[in-house]
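Trainee: Could you take me through the terms used for this model, setting each value against its definition?

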Amino acid sequence: MAVDDANQGRRPTIVDVARAAGVSHMTVSRVLNGAKRVSPDTARRVHEAVKKTGYRPDPVMSALAAYRTRSNRSEASANLAFLDRDGTPYSAWVFDGLRAEATAMGYAVQRHTLPHDARKQLQLSRMLYNRGVRGLLFGPTQEEWTFPDWNWDAFAMVSLGALIHRPVMHSVCLNYFDGVYGACRRLLQNGCRRIGFAVDPRLEARTGHRWLGGYAAALGARRLQVYEGSLKPRDFAQWCLGKKLDGVVTLHGELATAWPGARESFVLLNDTHLTAHRGISRLFLDPQQIGAEGLRFLHPFLLRQQYGLPDKPKMLEIPGTWIPWDDDSTTSTE
């Protein structure tokens, strides 16, 4: 079916597509936004009509429509949910960044405690859906989670942290690999030759072994010195002396006082307190940035009403800021 002659010379609209496909414009919108509650035959006719009419979505108008939809809601009605799994101060900082970004972008967000019990989780998901929440941001956690029986087709979601949960979803985290790789390269450039790696194995595993991978990539397999002892300062100091280390990268700032080497060759890999570790070389990432970037990542999926679990989950990795031991500025980045 060709476009009417009277319509030639102007940009085809969604109404033209609907007329060509013999459906309503709302059905066309649902098909183009990836809704799964449309019959395959209807979806096929809509896609054929799109090709025939030469229709192309206008991103400006799509964004405006989404904005109007949000603006017409009550200010007390949250259309985003932050699901707090650990209830830690770190999670609270992440939420602060998310909330500030949500305000700037015209969203409303509420914080909810995520229960461990699967039945209570399901009740929470139903409650959020019935309240009109369509965007979920899963807070950082110390453990992997499994979420059974959620109606994922009703939500767009992003996990804030490197842990891979089940089912797998998009996520935002620090660029762990490049962070430790860059730290080791800096130590090598400063003359260090025996660089140790001291990170709690449980915490290192949370990154998908990206920390250990960056360390190995920077040094080579034959030069690796991986600490497997306790995090007691005395045990750590004895290990450093026994291995004759002249540099170390670690996640544990409390080990700095036990480090027997030069002050500038102790590197803290993930500092979340800009002023808490003055005098230590460190990689800094503000937890609030994790929350803000998580919403920016989620935003396009909400605009397109692209709900459901992704076929190919993406991980957005944020570079940290390198702060030398004798410089408390944050001007240089990895």
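Predicted model: local features only at pLDDT ≥ 70, side-chain atom pairs only at ≥ 80, totals over all residues.

Trainee: What makes Cys192 and Cys240 buried?

Mentor: Buried means under 20% relative accessible area, with exposed over 50% and partly exposed in between, for a 1.4 Å probe and protein chains only. Cys192 has a relative accessible area of 8% and is therefore buried; Cys240, with 1%, is therefore buried as well.

Trainee: How do you know that Cys192 is in no disulfide?

Mentor: A disulfide is a pair of cysteine sulfur atoms within 2.5 Å. A search of the whole structure finds 0 disulfides, and for Cys192 the nearest cysteine sulfur, that of Cys184, is 9.7 Å away.

Trainee: Why are α1 and α2 called roughly perpendicular?

Mentor: Helices here are DSSP runs of H or I with at least four residues, strands are runs of E with at least two, and both are numbered from the N terminus. Axes are lines fitted to C-alpha atoms, for helices over the stretch in contact, and angles run from 0 to 180 degrees between N-to-C directions. Angles under 35 degrees count as roughly parallel, over 145 as roughly antiparallel, 65 to 115 as roughly perpendicular and the rest as oblique. The axes of α1 (residues 14-21) and α2 (residues 25-32) come within 8 Å and cross at roughly 100°, and the two helices are therefore roughly perpendicular to each other. Their contact (heavy atoms within 4.5 Å) is made by Ile14, Val17 and Ala18 of α1 and His25, Val28 and Ser29 of α2.

Trainee: What makes β3 and β4 a pair?

Mentor: Two strands pair if DSSP finds at least two bridges between them. Between β3 and β4 (residues 156-160) there are 4 bridges, in the parallel sense, and Gly135 has Ala156 of β4 as its bridge partner. Strand β1 (residues 80-84) likewise pairs with β3 in the parallel sense over 4 bridges, with Leu83 opposite Phe138.

Trainee: Which strands are the edge strands of the sheet?

Mentor: The open sheet of 6 strands has the order β2-β1-β3-β4-β5-β11, with parallel pairing. Its edge strands are β2 (109-113) and β11 (315-318), each of which pairs on one side only.

Conventions:
Residues numbered from 1 in each chain as written. Heavy atoms only, no water.
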